[in-house]
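Here is a friendly walk through the model shown below. Keep the 3D view open as you read.

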Amino acid sequence: MSTLKVLLKKEVLQFKRNSFLPRLVVAFPIMIMLIIPWVTTMDVRHVNVSVVDNDHSQVSQRIINKINASEYLTLHSVTGSFDLSFKSLEHGDVDAILEIPQDFEKGFVTGSTKKLSISANSVNATKGSLGSQYLAQTLAASIKEMRASLSPAQAGDLVVIQNRYNPTLEYRNFMIPAILVILIIIITGFLPALNLVGEKEVGTIEQINVTPVSRFSFTLAKLIVYWVAGLIVITIALIVAWLVYGQTAVGSLFTIYTGAFLFILVISGFGLIASNLSSTMQQAVFFMFFFVMVFMLMSGLLTPIESMPQWAQYVTYVLPPRYFISIMRSVFMKGATFYDMRFNFMALAILAVVMNLGAALTYRKRS
Amino acid sequence: MDTSTLAIEVNGISKSYDKVKALDHVSLEVQRGEIFGLIGPDGAGKTTLFKILVTLLNADEGNAKVDGLDVVADYRKVRARVGYMPGKFSLYPDLTIEENMEFFATLFGVTVEQNYDLVAPIYKQIEPFKKRRAGRLSGGMKQKLALSCALIHKPSVLFLDEPTTGVDAVSRSEFWDMLHNLREQGLSILVSTPYMDEASRCDRIALCNNGRILDIDSPKHMVEKFDGKLFGIKAQDMYALLKSLREDKSIANCYTAGEYHHLLASTGFNAQSLEQRLAELGHKELDIKPIVPDIEDVFIKLLSNEQL
């Protein structure tokens, strides 16, 4: 036991003495939490609209004013021909073109249908589809208003939409739990792996190996330091989420920390495998990086798992972040309980055992 | 004879890395209280043998005992009894001298104070800098710290893998004095070096090359049993001289060795007639003299025998 203590003391000392790591643990979550939620937004704003007004009527003017007033849409220009507007679209100055046909107002009053048309630049699929949707919504709203002014009896919505758990549809609320996942992967996956490979590179591992110290306590001492670092990082990130974004967990913090700790066990075990299989830091980094890419893009961090092809959905079952992301979002935003999330917790626990067993096995093969 | 009188016992050890044979049926014995030197060029297999003996590597073939304990079966016990100083400085550069010492002492379950007497002659020299981080020490100081750390648990056998490589001549000589001090205290020491001139400071040496041991003996005896006539020769143009000598039938071997070329006489060698022949070939300022062989000459002779 005193061996573990002296190993721990050494790790803490080295950690503190490192000119980079202690700062990283504090500054990294703060920076990430301050910047990323603002920039990784899927909300589409500033869609530049060019209107081809062939009608020159009161109605068309009203529509143009409405577009101008929208916070999502920006009126780029009003032209007399589609070709002119299309040129701006080709230039990239305009994201969507609204064409108002001749005699639109006349048809509007008499009830015969002249169609409005929207053409959107969909090179960026999200911006294209969301932009044209916003435009369509804006049009629908203004037409409804005008209809209401013509015959007040028709007023009233048929469909009411309520966005539960994220009433303002803030993408940020969806991202913050995911950022915590990324932070844990980096702090508790990469760092201990690099530390262990570092001892291989410097040769200190040889000096340790000729002492009676067991490999297990040597590794454990390292992991404990990074486990604690990981928990500190989460705590800092949660505090920032609360102070800066006013976002707090709806569910219990205990459930979040339990999930986080299980996930830390999984990822640090994974880091150990990486360090066992590599003899230089470079190898370890590339090994980790490959998997982290898969983790980030396939675990439902950015895009929902449900919209992936079926085979990919099967693959996600072995990706540990999948379960932790699901736990984080459900507990954080919906207030899910430990019981609600029991299958995710179980999956994480199983993966933790598998990863650390894998770490033990890959170690033996090298000696 | 009781095997426990042997500090190290190596029986037919072989080890290969892929296709390269690093050790080829190596056997040797190191007595207690002896400084035993492994002398050989880079790639001779010295480090591999060290790693097997300090339980960092498993041999493909053969067995070895350190302090009477099998290095495979009793590897844990072996680790407690050996002190190992690898060829490359491998203490924690971000810990201070003091912290490194305490760390390794505690890992072996001892304190620095307990075995202070043993390390004192060495440690005292670096103690004034004990608050300095190991990474910021000079080469000689690193070497002393590494030796102190290898000694702190009072091992019975000390393994020093090329301890003097990259250290200046004065420090090297000091280092050997320290080793002799340690031997006085009863330690058995296995030390490797690529420097032939350090061989004379060992009690016994093994000359090795390409994973094989060429000969084991005391350095003095090894030189004494050199059974050839050795001459030193020099001329104005040393390179041309070497070429001429290599074509001469009365010379078994000839090689550069500083100011004079060394040549090993073959049958029918006569210094005067050689000088005459060389003068006819146009060599000027010739000087031939018999010389006393040193370990390097022994090594080269053994090597050429080996190749025949």
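## Where the chains meet

The contact between the two chains draws 16 residues from chain A and 21 residues from chain B; residues count as in contact if their C-beta atoms, placed from the backbone, lie within 7 Å. On the chain A side, α1 (2–17) and α8 (204–209) are the elements that give two or more residues, and α1(A) brings the largest share, six residues. Helices here are DSSP runs of H or I with at least four residues, strands are E runs of at least two, and both are numbered from the N terminus.

Sorted by class, that side of chain A has six nonpolar, seven polar and three charged residues. Ala, Val, Leu, Ile, Met, Phe, Trp, Tyr, Cys and Pro count as nonpolar, Asp, Glu, Lys and Arg as charged, and the others, Gly among them, as polar.

## How to read the model

This is a predicted model, in which local features need pLDDT of at least 70 and side-chain atom pairs count only at pLDDT 80 or more, while totals for chains, interfaces and linings use all residues. Residues are numbered from 1 along each chain as its sequence is written, with chains lettered from A and ligands numbered from 1 in the order in which they are written.

## Domains

Chain A has domain 1 (6–40 + 170–366) and domain 2 (47–154), with bounds from an automatic or database domain assignment. Their C-alpha centres lie 48 Å apart. In chain B, domain 1 covers 3–224 and domain 2 covers 230–292, and 40 Å separate their centres, taken over C-alpha atoms.

## A helix pair in chain A

Look next at α7 (residues 171–202) and α11 (residues 281–298) of chain A, which pack at about 160° with axes 9 Å apart. Axes are lines fitted to C-alpha atoms, for helices over the stretch in contact, and angles run from 0 to 180 degrees between N-to-C directions. α7(A) and α11(A) are therefore roughly antiparallel, the term for angles over 145 degrees.

Among the residues making this contact are A:Phe190 and A:Leu194 of α7(A) and A:Met288 and A:Phe295 of α11(A). By class, the contact has ten nonpolar, two polar and one charged residues.

## The sheet in chain B

Six strands of chain B form an open, mixed sheet in the order β6-β7-β8-β3-β9-β10; strands pair if DSSP finds at least two bridges between them. β6 (82–85) and β10 (212–217) of chain B stand at the edges with a single partner strand each, so one side of each has no neighbour in the sheet.

Within the sheet, β3(B) and β8(B) run parallel, joined by five bridges, and B:Ile39 stands opposite B:Thr193 in β8(B). Helix α6 (residues 169–184) of chain B lies across β3, β7 and β8 of chain B, at about 160° to β8(B).

Key:
Angles under 35 degrees count as roughly parallel, over 145 as roughly antiparallel, 65 to 115 as roughly perpendicular and the rest as oblique.
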